[in-house]
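Let's walk through this model together, starting with the whole chain and ending with a few backbone details. Keep the viewer open as you read.

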Amino acid sequence: MIFAVNEINRNPDLLPNIKLGYKIYDNCGTMDILRAALALASGLKEEVSDDNCTKSDTVQAVLGHSGSRPTIAFAQAVGRFYIPVISHFATCACLSNRKEYPTFFRTIPSDYYQSRALAKLVKYFGWTWIGAVAVNNQYGFNGISAFIQAAQEYGVCIEYSEAFSSSDPPDRLQRIVEIIKHATSKVVIAFMSHREIKLLATELYKQNVTGLQWVGSDAWITDHSLTDSEGHSILVGSLGFTVSKAKIPGLEEHLRQLSPSQFPDSQFVRDFWEDVFDCALNDSANTQRKPCSGSESLQNVESMFTDVSELRFTNNVYKSVYAVAHALDNLMKCEEGKGPFSNGRCADTKHIQPWQVLQYLNTVNFTTEEGERVYFDSNGDSPARYELVNLQMENQGAMKGATIGIYDASLSESHQFVMNDIPVVWGNGLTKVPVSVCSESCPPGSRKVLQKGKPVCCYNCILCPAGEISNLTDSIHCMKCPPESWSNKRRDACIPKAIEFLSYVEILGSLLVLFSLLGVFLTVMTALVFYCHKETPLVRANNSELSFLLLFSLTLCFLCSLTFIGRPSEWSCMLRHTAFGITFVLCISCVLGKTLVVLMAFRATLPGSNVMKWFGPTQQRLSVLGFTLIQVIICILWLTINPPFPFKNLLLYKDRIILECHLGSAVGFWAVLGYIGLLALLCFLLAFLARKLPDNFNEAKFITFSMLIFCAVWITFIPAYVSSPGKFTVAVEIFAILASSYGLLFCIFLPKCFIILFRPEQNTKRHIMGKTSNNNDIRF
C-alpha cells in the first residue's frame, strides 16, 4: 500500500499537485480492528502536520481488512459515515448486500463466484458425491451454502456438511474427523481459513485418514504457512481457486530498500530484521545476538518478504489504492455542470467529503499497467477471475501452488473454465482422477431409479424395457423407439424391426411349396392317365370334358397357393385372393356340373324321360361359365371399389413387423368366400341326393365325400384364419386351399385311376352298367 501511495504521489498524470496520506493500524482481533476503523472514521486532525495539506476531519477511504469476519463487524459501522471500505481479501458473499453494506467495495471476487467456480470444478472431474467442511462463521456458512446451491444445479450431492472453528472444543473437531473417516465420499470441499485447515489436517494425519481429494477456498489454498503444519502432506494434491498472479513493477526494489529506521515502532520489522541478519537492534531485548552494525541491507537477501514472483492478494491491495486514487482524480477533474451530483454540480475540492468519494468509486474504471481492467459492479464486487491451483510438493519439502487452469466469470458459460496442459498431482499420490460417486454411472441402455430416502446422486440402474432405449450415460428416462423400430439387446439404439412374412426360404414356406407342386404333379399325372385312356368306358362314362376341365381348375388351385408365399406386393395381394376365388369357383362349378350329369343321367334311364337333351355338353359348359362369371364379377367389383393392398401390421407383435395383405374390403373377401361356400354346399346337397344310385356307376358318392372334406376344411378354416397370428394366417389359408384341392383330387379321381391302372378288367361297359341293371344302354 505504501509503495502504491508513493508511486501515485510521483505520478504527474494522476492527482497532479496532490499527495495522498495514510494511517496504518496493524491490529489483530475483531475488537481491535473495529476500534481502529472507528478511530479512522472519527478524525485525524492531529496526524496532519504539513501546513500545505487540506485538513480533513475523516479519512476518504478505509483499505482492509483482509478477513471477512472483521470486515463484517466494522463495515456497517463505518458505512454509517458514508466512508468507502475497500477490502483486498474479504470474500464473504454476504458483503455484496448493498442494503447492509452500502459503502463496501473489494478488489477480490465474491465467494459467490468462487463457490460457483468450485461447483463447476467438481462437476468437471465427475465428482458427484462429496463432503463439505466450513469454518464456523459467516464466511464459511455463506461460502459453503453458495457452493451447495451451485453444486446441486450441476447434479452434485453433498454427503455431509459440517462446520467448526479454531476456538471450538476439541471434541467438535474429533466428531468431524469421525464423520470424514466413515464417509463414502472421497472428495472434501473445505471452505475455511488456514487456521482451521491446519487443525483438521493435523488431526486426520494423526488418525491416518488418507486417500481424500481436497478442494479448498482461496483463504488457504495458497497459504505458505501450510507447510508448517504437522499433517500438511495430507493436503498435497489439493485443488482450489485463487486470484490471478500479477507483476507489480518496482515493488521488489521498494521492499529491498526497507530499513528499521523507516518503521521504528513496528515490532514486525524489528523481528524480521533481527531474524534475517541474526543481529540485535539497539532497543532490542535480545542480548544473545551481536548488535546490528547499521550497514545491513536487503539488496542481496533472498527471503519470502522480497519474493514478488507469487503476487496474488498483494496485487489486490495495489489495485485498491489505485481505485481510490482514480476516484479522487475524477473528482478533482470534474467540470462544473457535468458532475455526478444534483444539477451537475462537482465536489468542493477544498472540502472533500467521503460520500463524494464513494460516488466516484461506483463509476471508477481503469486499466493497470499489466493490462488488468479494474471496476466495481452495482454490489461493489470486482470481476471474477481465478486461477486453478494444484498444491504440489517441491524438492525442499515445501508446497507450491501450480496453476493448472483459469476461470473467468465474465465469459460465456461454456468458456468460463479452461484447463491447462499441466500434469496434476492428485490427493494421496494417485496418478489419475479419483472417483467420488454415490452410485456408478448408468451406462446407455439403462435409466436411473432413485434409492428411497437418499439424495438424487444415489440410484440404481434399471435396464430399459423392450422397445425403449437410452443412448446417454446416466439417463433419467428411456425413450420409445419409432413405430417401425425396436430396441437392440443393449437397449442403447433403435434398429429397424424385423419384417416377417411367409417366405419361400423358411421351412414352413418350403413345405407348402412342396405340397403345392406335388398337387400339380399328381393332377397332371391324373390328366395324362385320363387322356391316355380317354376312349375307355370309365373315362367316357365320367364326362371326360368336365373331368379335364376339373383337372385343369385343380391345377390352377394348386398353383394359386404359390401366390400367397413371398413378400406381399400390390399386384400379388390383388392376384392371390382373386385367383383363389375364381379358380375355386371354376373347380366347384365343374364338380357341380358332374353331379348334375349323374342325376340327369340316372333320370334319363327312366322310361319316357328325355331330360338329357336339356343338359347336354353345351348346357354343361354354359353352367360352368355362368357360375364362374358371377365370381369374376364379384372380384372385379372388389378390385374396383377397395382392392387388397400390402400392409405393415405393427400391432400384432411389438418387436417385428408382419408384412401381410390387407383385405381392403372385408365384404369383398367374404363375398368371394361365401359364394364358393354356397356352390360347395349346393354341390354337396345334390351329391347327397344321388348317393343311392346304382353302385357301379355312381360317382355321386365320391363327390359327396369330396364336398364333405371341402366343406369341413373351409368351415374349420374360418376360426383358424381369424385366430392365427402373422404369417400363420397365410399358412392356414394355403393349407385350406391345398387340403380342399387334395380332397377333390383324391376322392373324385383316385378310385378311377386305380381301376384304370390296376383293375383294367373292371374298365368295361358291362361292369360300369352294373350287374343289377337291366336298363337300356346308358351313355354319359
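This is a predicted model: local features need pLDDT of at least 70, side-chain atom pairs count only at pLDDT 80 or more; totals for chains, interfaces and linings use all residues.

A residue counts as buried when its relative accessible area is under 20%, as exposed when that area is over 50%, and as partly exposed in between, using a 1.4 Å probe and protein chains only. Residues are numbered from 1 along each chain as its sequence is written, and side-chain values use heavy atoms, with hydrogens and water left out.

How confident is the predictor? The pLDDT gives its confidence in each residue on a scale from 0 to 100. The protein chain averages 84, and 90% of the residues score at least 70. Helices (H or I, at least four residues) and strands (E, at least two) are DSSP runs numbered from the N terminus. Confidence is highest in strand S3 (residues 104-106), at a mean of 95, and lowest in helix H20 (residues 765-769), at 65. Over residues 771-780 the pLDDT is below 50, and this stretch has 13 contacts in the model beyond near neighbours in sequence; a contact means heavy atoms within 4.5 Å.

Now zoom out to the overall form. The protein chain has 20 helices and 22 strands. Its radius of gyration, taken over C-alpha atoms, is 53 Å, well over the 28 Å that the globule rule gives for 780 residues, so the chain is more spread out than a compact globule. That rule is 2.2 Å times the number of residues to the power 0.38. Along the principal axes, the C-alpha atoms fill a box of roughly 170 × 65 × 40 Å. Of the contacts with a separation of 6 or more, 65% are between residues 24 or more positions apart.

On a 1 Å grid over the protein atoms alone, a cavity is a set of points where a 1.4 Å probe fits but cannot get out, and lining residues have an atom within 4 Å of a point. Grid points are joined across faces, edges and corners, and a volume is the space filled by probe spheres set on the points. A search of the whole structure finds two cavities of 30 Å³ or more.

The largest cavity has a volume of about 70 Å³. Its lining includes Ala246, Lys247, Ile248 and Pro249, along with Glu369, Glu370 and Glu372. The lining of the largest cavity then divides into four nonpolar, two polar and four charged residues.

The second largest cavity holds about 60 Å³ of space. Of its 13 lining residues, Phe501, Leu502, Pro568, Leu659 and Val730 lie nearest its centre. Strand S22 (656-662) and helix H19 (727-758) are the elements that give two or more residues to this lining, and S22 gives the most, with four. Eight of the lining residues are nonpolar, two are polar and three are charged.

Two loop residues are worth a visit. Cys464, between strand S15 (459-463) and strand S16 (468-469), is buried because its relative accessible area is 1%. Its contacts, not counting residues up to four places away in sequence, include Arg447, Cys478 and Arg491. Ser233 sits in the loop between strand S7 (213-216) and strand S8 (239-243) and is partly exposed, at 39%.

Finally, what about the backbone? Most residues other than glycine have a negative phi, and most peptide bonds are trans. Gly64 and His65 are joined by a cis peptide bond, with omega about 0°; His65 lies in the loop between strand S1 (62-63) and helix H3 (68-79). Asp278, which is not a glycine, has a positive phi of about 50°. This residue is in the loop between helix H9 (267-277) and helix H10 (313-332), and its relative accessible area of 46% makes it partly exposed. Asp474 also has a positive phi, near 60°. The loop that holds Asp474 runs between S16 and strand S17 (479-480), and Asp474 is partly exposed, with a relative accessible area of 24%.

Note on methods. pLDDT is the predictor's confidence in each residue, from 0 to 100. On a 1 Å grid over the protein atoms alone, a cavity is a set of points where a 1.4 Å probe fits but cannot get out, and a pocket is an open set with protein on both sides within 12 Å along at least five of seven lines; lining residues have an atom within 4 Å of a point. Ala, Val, Leu, Ile, Met, Phe, Trp, Tyr, Cys and Pro count as nonpolar, Asp, Glu, Lys and Arg as charged, and the others, Gly among them, as polar.
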